[in-house]
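Here is a briefing on one structure. It takes up ring pairs, helix packing and loop residues in turn.

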Amino acid sequence: MQLIFSAGLIVLVVLWGVIAPASLDAVFDTVLAVITRDFGWLYLWVVLGLVVFALVLAFSRYGDLKLGGEDDEPEFSMGSWFSMLFAAGMGIGLVFWGVAEPISHYGAPPPGIAANTPEAANAAMRYSFFHWGLHPWAVYSVVALAIAFFQFRRNGSALVSTAVEALPWAPMRRLGPLVNVLAVIATAFGVAASLGMGALQINSGLHALLGLPVSELSQIGIIVVTTLAFLTSAVSGVGRGIKWLSSINLVLASLLALVVFVVGPTVVIIDAFTSTLGSYVSEFVRMSLRMTPFRDSTWVGGWTIFYWAWWVSWSPFVGLFIARVSRGRTIREFILGTMLAPSLAAFVWFSVFGGTALHLEIVQGVPVAEAVRADVSTALFALFQALPLSTLMSGVATVVVLLFFVTSGDSATLVLGMMSTGGEGDPSARVKIVWGLLISGIAISLLLAGGLQAVQTATIVFALPFSLVIVLMGIALWRGVRDDHDEEQRRDRALRRRMREVLK
């Protein structure tokens, strides 16, 4: 019933976008404006609370609890595990925004900072770190940890609702179906929007390399080809398809960043990383709670709140996938692996690509900002054109985006399959294929209707109620780890008493 309801609602929204895209845009834009204006504070407080909660949990006495039995060992190596969670979490977004976001902030900085100044450049890097650092990964981490805890320690289903239903309050048990429907809808639309974004950038890369026309027909062809690729990977299973593609992609992305670091302004990149990390730490709380109540500005709503809602909307997808590949790890290892390591990787990425782009724009006069204004998806390739080995780097970047595209689609079919089969850890190939075709169909139909922006907005709208679900998941998780830790302590004390009695 839940599957039929959620799939039916998805189809209705898609048909709305195809038949009357202007109407869909108008309705969701109006709702989004209300959410960002009236509930922006809620997103700021919830996401900052999740950062604090995750770090407290990691370094508390509960950090040694294992996600599973005492004898359970991790299914994947640390490298493979990190590659998969990074690819599912935000890989394609980093490639898309690594150049475009710092350049955008440089030309239109936060209120109170003059545009196109050194101060704007510093703020651009600091807010790029902020938007892609600890905060989004804390959202993913808490959702994933709650699912993994109740699945592996309490033998619950691999569903978002399992943690909420574990709360001792009777109404929570009735919320389960609604929570799962929200999770399916957010996942399907979020992944479809990501596929559309990836298709745009792959099209731009193939245009720079091979002269492929930038058109809807090209982008539809790209979606069709990559859909066949990620369905093939999905059918082969997590241990082969997703694992190997994610590992290969992380290596290629690292090599690409290394080449830009070497052939680009190396010292500037190091300086940018050092300076921005310091300002990120020192301004952490102020940025986390920044609103503009006495300014007529939409900057915070258009960037920070939009991002926070976006990460919340993606959290059921990413959380379920990370939980699926994390059995056998301790809570401390899990949180540090899903928060600190990916944040550091994002900081390095923005320092290399954002720092280089700002240097080229400010010092060398390369019109990177002009390329960003014309088409955000071309920003990375505009950067490469100003560096040595531009053709090679453009080719590698296109492959990286393609592989991130495939791993995102692969992960999404797995997660949607799990949701629609009651939490089954490895859904059948038929179920994965159905979901893969459905999300690709959403992306294509909305691309034809000009509604990709609308589906992104729809995803953000669904994030508001889900942010409250995440709060409930956090409460359930804290109660669960506290109870399990106390139970382990009681067992240890009882064992020690028996040992003393035996030795007397």
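How many aromatic pairs does the structure hold? The structure holds 24. A pair here means rings of Phe, Tyr or Trp (its six-membered ring) with centres within 6.5 Å; planes under 30 degrees apart count as stacked, over 60 as edge-to-face and the rest as tilted.

This is a predicted model, in which local features need pLDDT of at least 70 and side-chain atom pairs count only at pLDDT 80 or more, while totals for chains, interfaces and linings use all residues. Residues are numbered from 1 along each chain as its sequence is written, and side-chain values use heavy atoms, without hydrogens and water.

**Aromatic rings**

- W97 and W303 form an edge-to-face pair, because their ring centres are 6.0 Å apart and their planes stand at 80°.
- W97 belongs to helix α5 (residues 91-107) and W303 to helix α14 (residues 299-324), so this pair ties together parts 206 residues apart in sequence. Helices are DSSP runs (H or I, at least four residues), and they are numbered from the N terminus.
- W303 counts as buried, because its relative accessibility is 18%. Buried means under 20% relative accessible area, exposed over 50%, and partly exposed in between (1.4 Å probe, protein chains only).
- Ring pairs join F96, W97, W132, W137, Y140, W303, Y307, W311 and F350 into a cluster.

**Helix packing: α3 with α15**

- Two packed helices are described by the angle between their axes and the distance between the axes.
- The axes of α3 (residues 40-58) and α15 (residues 331-362) come within 8 Å and cross at roughly 140°. Axes are lines fitted to C-alpha atoms, for helices over the stretch in contact, and angles run from 0 to 180 degrees between N-to-C directions.
- α3 and α15 are therefore oblique to each other. Angles under 35 degrees count as roughly parallel, over 145 as roughly antiparallel, 65 to 115 as roughly perpendicular and the rest as oblique.
- The α3 and α15 crossing is left-handed (the near helix is turned anticlockwise from the far one by less than a right angle; clockwise would be right-handed).
- From α3, V51, A54, L55, L57 and A58 meet I331, R332, I335 and M339 of α15. Contact means heavy atoms within 4.5 Å.
- The residues of this contact divide into eight nonpolar, no polar and one charged. Ala, Val, Leu, Ile, Met, Phe, Trp, Tyr, Cys and Pro count as nonpolar, Asp, Glu, Lys and Arg as charged, and the others, Gly among them, as polar.

**Helix packing: α10 with α18**

- The axes of α10 (residues 216-236) and α18 come within 8 Å and cross at roughly 55°. That makes α10 oblique to α18.
- The crossing of α10 and α18 is right-handed.
- I223, T226, A229, F230, L231, S233 and A234 of α10 meet L402, F405, V406, G409, D410 and T413 of α18. These residues divide into eight nonpolar, four polar and one charged.

**Loop residues**

- Most residues other than glycine have a negative phi, and most peptide bonds are trans.
- N155 has a positive phi, near 60°. N155 lies in the loop between α7 (134-152) and α8 (161-165) and is exposed, at 69% relative accessible area.
- L389 also has a positive phi, near 60°. L389 sits in the loop between α17 (379-385) and α18 and is partly exposed, at 48%.
- G422 is in the loop between α18 (390-420) and α19 (429-448). G422 counts as partly exposed, at 41% relative accessibility.
- Leaving aside neighbours within four places in sequence, G422 is in contact with S157 and L159.
- G422 and N180 are 242 residues apart in sequence and 9.8 Å apart in space, C-alpha to C-alpha.

Note on methods:
Helix = DSSP H or I, 4+ residues; strand = E, 2+ residues; numbered from the N terminus.
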